[in-house]
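Hello,

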Amino acid sequence: MSDAHLSEVVHEPQSFIRRYIFSQDHKVIGLQYFLTAVFVSLVAGGLAMLIRMQLAWPTATWPLLQKVFPDGFSGGIMKPEFYLSIVTMHGTLMVFFVISYALLGGFGNYLIPLQIGARDMAYPFLNMLSYWVALLATVVMLGSFYVEGGAAAAGWTSYPPLSAVPEAVPGSAMGQTLWLLGMALFIVSFTMGGLNYFVTILNLRARGMSWMRLPLTIWSLFLATVIGLLAFPPLTAAAIMLLMDRHGGTSFYLPAGLFFGKKLLAHQGGTPLLWQHLFWFLGHPEVYVLILPPLGMTFDVLAAFTRKPVFGYRMTVYSFWTIGALSMIVWGHHMYVSGMSPYIGEFFSVGTLLITIPSAIIGFNLLASLWGGSLRFTTPMLFALGVLALFGLGGFGGLFLGTPTSDIFLHDTYFVVGHFHYMIGGVTLFGMFAGLYFWYPKFFGRMMNETLGKIHFWLTFVPFYFVFLWMHFLGLGGMPRRYYAFNEYQFLSALAGQNLYISIAAFILGAAQLLFLFNFLWGIWKGRKASENPWEATSLEWTAPSPPPHGNWPGRTPTVHRWAYEYGVEAGDRDYLPQSAAGRSASA
Amino acid sequence: MAKEEMHLTTGVGRPLAVVMWLIPLAAVAIGMRGWLPPLASEHGAGIDLMLRYLLICAGALLVLGHLALGYMLWRFGGQPRVSFRMATPKQERTWSFIPIILMTLIAEGGVFLIGLPVWGKYYGPSPADAVTVDIVAEQFAWNIRYAGKDGVFGRTSPNLMSLDNPTGLDASDPASHDDIPSIGLMYLPVNRPARIRLRAKDVLHSFYLPFQRVKQDVVPGMAIQVWFVPTQTGDFEIACAELCGFGHYQMRGLLRVVSEEEFEKQLQELPTFQ
């Protein structure tokens, strides 16, 4: 934070390649992450549609799809192993290559320097490298569809021995190897990006930007980064060990006596539970890495459209910290019925249910932030309210699964699918939309269409409840997840037909996202020109031009005089004061 | 620009409020339908109690939360000026006690008071009079075995596994001769504890009895025991609940719960290993 940094002359790269392709500008890298996430989401969303198609009409033939996927639809019928591949890849791509990229890579990159008043990230070159490794990871992961045996089919959790033994399932041939390489590369990329975000927030805050003046978006990104840096690298080790089990003859995860077809395998001495522990040591903190940023962004969007400070800023920050700490010691709640010691299970459940306390404080603060506000229902506000509603329902669902006694029945049923789609599917999705509609004018200097935005909201919100709330009930009915069809079981015969209605709602949900895509792309060229601060918001990014130039502020970087929520005050003809405004404020 | 646009959009608030009120009501109405498969085991009553307790608590919070949300959208939507700006730090801390106390009571209270006794019993030692069944799961079948007259299970070895002898039962062990192997069909006597010994020979599976509220992963390299008391006679399905390959969705077995006499009769009649 030296004076030199404040006023340093920023040299903008002139060549197209240095400016837009191998750019070290955090804003360009952020948009590159967004574009990658949008592209992957089209693939992963398409896979979701195929899943719903199969579940709606399990015995139908699809001659047209046979032309597109000659192996997956041989004879026009979707093959069960192809179904497992698309289930696996839908989960993997959405969690790691869409949501992580958009929230951390996209919003993290774009917003961190702008909201803390820095010209760029601490390590611009590392930042660029992080994106290019992320892209390589994406290419490897998507490429796995085209290898012998198809993409990985052992679920997004890739439990061995299914994922370790090529004979176990067709996807466990080359597809699984590429899956592991893709994951390892993803973690390498995340570690580079995360380290960068961490150091940047720590060191490059503008003058006067003390910790308790940070917008909650930054707090949430900061903690998400810390959690990710601590929790992700062990999976790299786990992936390497699994690769060695697959190709090097080791037995980290494979016990003696495995028998496939007519062959006894030579492995001995390992245990499949080791992978589960290592995977969930990453996997559970990962869901908090994904869910904290949308919550932080929602607070900031709510403040702008209630025209008042958020409720309980400090308690929210403390809750983020508590969640961050607890998230590291609860991974075992994914393994209550795995054969792990029931005593350890009880420990994990007590920890897991402790997380409901800071989570409930956050939910309460979101709700209380509305009290007495001057509510303005713009599109970002609608999506932020969606986050609030989804976080409530999703959180309550978590009680059922965090409690081991009820989890015995609900484990691996559609209740789990419904629950995590509310949390890491829904809160994140609605949070991303709230953020994208909100910061779009900053990204591109133009507005998205409000009417289309509202239609998009309603066509997302209502079908979302229909699809994923219903899945909770199917889970209560005992319907297991990852089933190719439900026509083999009598006890599921009454429930199986309901999949048709869920699928129809899911198709509407999927199609509605094309509306967003159109709005997003159309707005870049045709949207109405946006002013510097169209939402009359307070944080520093709104004092920069839209879109901000290289180096973010043409002159000196701003100096901060107040926290990020100075709304509802008398300030001339305005009801807010930007963080960079000097002088005292009077409450309205 | 923003001001006009933001005020123009307040109209959405009231429909959204109504939707927020309808959501929990619809959820509760649909949830009231009996979704759980009919109960057929002793410890299952505890699991169902836990589920009902959570459904009631979470349902009540869901209704209250959404009512409050809808009320605020209705009341404060489009209000031109902020009517309440911010609470004092002390008020914010005080209000935080509501979620803290609620979640401590509902979540941790539920785990300790209702959940723990059921969990402890389910994973506790099985009663001495239990019927023991040995199950070896494989892609995509359940190999079921009773110890036979001598009450001792014969030795198994992976080296002896073949299509005819899927569990690798060792004929050189005298204890194996009267073992009763069967594939996919399991008999149990009603109202008597059943001890199930679970092993897997290839990948992970999960032994899932929806009606008996039993679910236990079957892990290669481990022998895991569960026990339960079936309380209803009849035919019940056994499903696999852990992804185990392309036939996962059809790894179906059958549990036939019969009277004690019928059970003994069946054991007499079923063919033994040798």
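Where in helix α15 of chain A does a kink lie? The kink is at Phe438(A), about 45°, shortly before the proline Pro441(A). The bend at a residue is the angle between axes fitted to the seven residues ending there and the seven starting there.

Some ground rules. This is a predicted model: local features need pLDDT of at least 70, side-chain atom pairs count only at pLDDT 80 or more, and totals for chains, interfaces and linings use all residues. Residues are numbered from 1 along each chain as its sequence is written, chains are lettered from A and ligands numbered from 1 in the order in which they are written, and side-chain values use heavy atoms, with hydrogens and water left out.

More on α15(A). The helix spans residues 414–444. Helices (H or I, at least four residues) and strands (E, at least two) are DSSP runs, numbered from the N terminus. Of the 31 residues in α15(A), 28 are buried (under 20% relative accessible area, 1.4 Å probe, protein chains only). Gly445(A) follows the helix, with a positive phi near 70°.

Asp412(A) is not a glycine, yet its phi is positive, about 60°. Asp412(A) is buried, at 6% relative accessible area. Glu536(A) also has a positive phi, near 55°. Glu536(A) sits in the loop between α18 and β3 of chain A and is buried, at 13%. Most residues other than glycine have a negative phi, and most peptide bonds are trans.

Two cis bonds to check. Pro160(A) to Pro161(A) is cis, omega near 5°. Pro161(A) is in the loop between α6 (124–143) and α7 (174–203). Ser546(A) to Pro547(A) is cis, omega near -10°. Pro547(A) is in the loop between α18 (498–526) and β3 (567–571).

Now the interface. In chain A, 117 residues are in contact with 106 residues of chain B (heavy atoms within 4.5 Å). The count of salt bridges between the two chains is 2 (a side-chain nitrogen of Lys or Arg within 4 Å of a carboxyl oxygen of Asp or Glu). One of them joins Arg81(B) and Glu570(A), at 3.7 Å, N to O. Helix α12 (residues 342–368) of chain A gives the largest share of the chain A side, 13 residues.

Best wishes

Definitions and conventions:
Buried means under 20% relative accessible area, exposed over 50%, partly exposed in between (1.4 Å probe, protein chains only).
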